[in-house]
Amino acid sequence: MLAERSPSRSTRPEAIQIPGPFQSLVDRSIAAWHTINYRRSEEERLAVINDKARLLRSFQSLEDLFRRRDYWFFQLRESFMRQKALLKWDPSRLDEYILLPISYGFINNQDCFFSLLLTREHPDPKATDLVQIQQDLKNEKWTYVWVDWTCMPQLPRTELEQEYFNRMLQYIHMLVRDCAYEWRFPAFEPRGWIIFEVAEYVLNHKNFIWTDDNRPFINHIIQMTRDGVRPVMEKYGYRCARQGDVNLVIGWLELSIILFKILPDDVDVRQEIRDWIDAPHTGGFDIIAPGPEILGNGLSIDKVNGIISYQGKTYRFTPVYQLTSHA
């Protein structure tokens, strides 16, 4: 009688599933969040990481991510340091990046470095600025670098890339405020994005440094506290390369100066108020509930119509939260 033969086993190894570039970006990003110097309690940090990880893992592609306003691209330090010229954002090079949530607490001046250029053409074709920044970064510990040329889709953009660009542009002030940054301004030019960048630095830090190249901008910011933002911008001929950006810059400057004037001695409270204003309302980022929102201490803000009321006084700023900036 023949013994029953046991089923043969295949000697071929099981196929190893290698994650694609987008999935690798997702995994790398979530792992990085656990090393970030998060600004709030450990319990809250873990809860927020789990929440943001759940959302990010729900995206199946870069296109899914572009339909939302939840995550910034940040270039890895090692990628930034080895490049010979500033990389133009490229969806085929996702291994150069991590994603950081736009939510408060992830982006901070211990981990993140920022530089804003906003030009249509390559901003540093001879790598002059790049080499200087790389030299400075050698002795610093910043892990992630945000440069708009490298970390935002550039022209020519697909329709979806343009939507993402427009959406995220409205929140660049959060990067300026929360990241570490350095500057080397050329001979004075009345550029709107530069005075905005300097204003965020000056008005949102307890101490700041005067230098020869930022002095004209700081003097103009001081004038704005007396005479208003738009009159000073017009007096000195401030402009943006993209005309659609002008109202964004003016609105943010007006909002920062109003908060500085009504709460001059409390940077932390001003920061908290800005974080509250920047948060999306229930129902989605693009749906902003009408009417004023009460923040306590007699302060109310209607961010749709650009109205701040405090201790019986009313202040107005150019509404920015429903604007769209077009390239």
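Colleague: What makes you say that Arg157 lies over the face of Phe165?

Modeller: In this predicted model, Arg157 is placed at 3.7 Å from the ring centre of Phe165, and a charge sits over a ring if CZ of Arg is within 6 Å of the ring centre and within 35 degrees of the ring normal. Arg69 likewise lies over the face of Tyr171, at 4.9 Å from the ring centre.

Colleague: How many aromatic pairs does a search of the whole structure find, and why is the pair of Trp33 and Tyr71 called stacked?

Modeller: The search finds 24 aromatic pairs. The centres of the Trp33 and Tyr71 rings are 6.1 Å apart and their planes stand at 5 degrees; because planes under 30 degrees apart count as stacked, the pair is stacked. Trp33 belongs to helix 1 and Tyr71 to strand 1, 38 residues apart, and the pair thus links distant parts of the chain.

Colleague: How do you know whether Trp33 is buried or exposed?

Modeller: Buried means under 20% relative accessible area, and Trp33 has 0%, so Trp33 is buried; Tyr71, at 2%, counts as buried too.

Colleague: Why is the pair of Phe66 and Tyr164 called tilted?

Modeller: Their centres lie 4.9 Å apart with 45 degrees between the planes, and because planes under 30 degrees apart count as stacked and those over 60 as edge-to-face, with the rest tilted, this pair is tilted. Phe66 in helix 3 and Tyr164 in helix 7 are 98 residues apart. Phe66 is buried, with a relative accessible area of 3%, and Tyr164 is buried at 0%.

Technical notes
Residues numbered from 1 in each chain as written. Predicted model: local features only at pLDDT ≥ 70, side-chain atom pairs only at ≥ 80, totals over all residues. Heavy atoms only, no water. Phe/Tyr/Trp six-rings, centres within 6.5 Å; stacked < 30°, edge-to-face > 60°. Helix = DSSP H or I, 4+ residues; strand = E, 2+ residues; numbered from the N terminus. Buried < 20%, exposed > 50% of the residue type's maximum accessible area, 1.4 Å probe, protein only.
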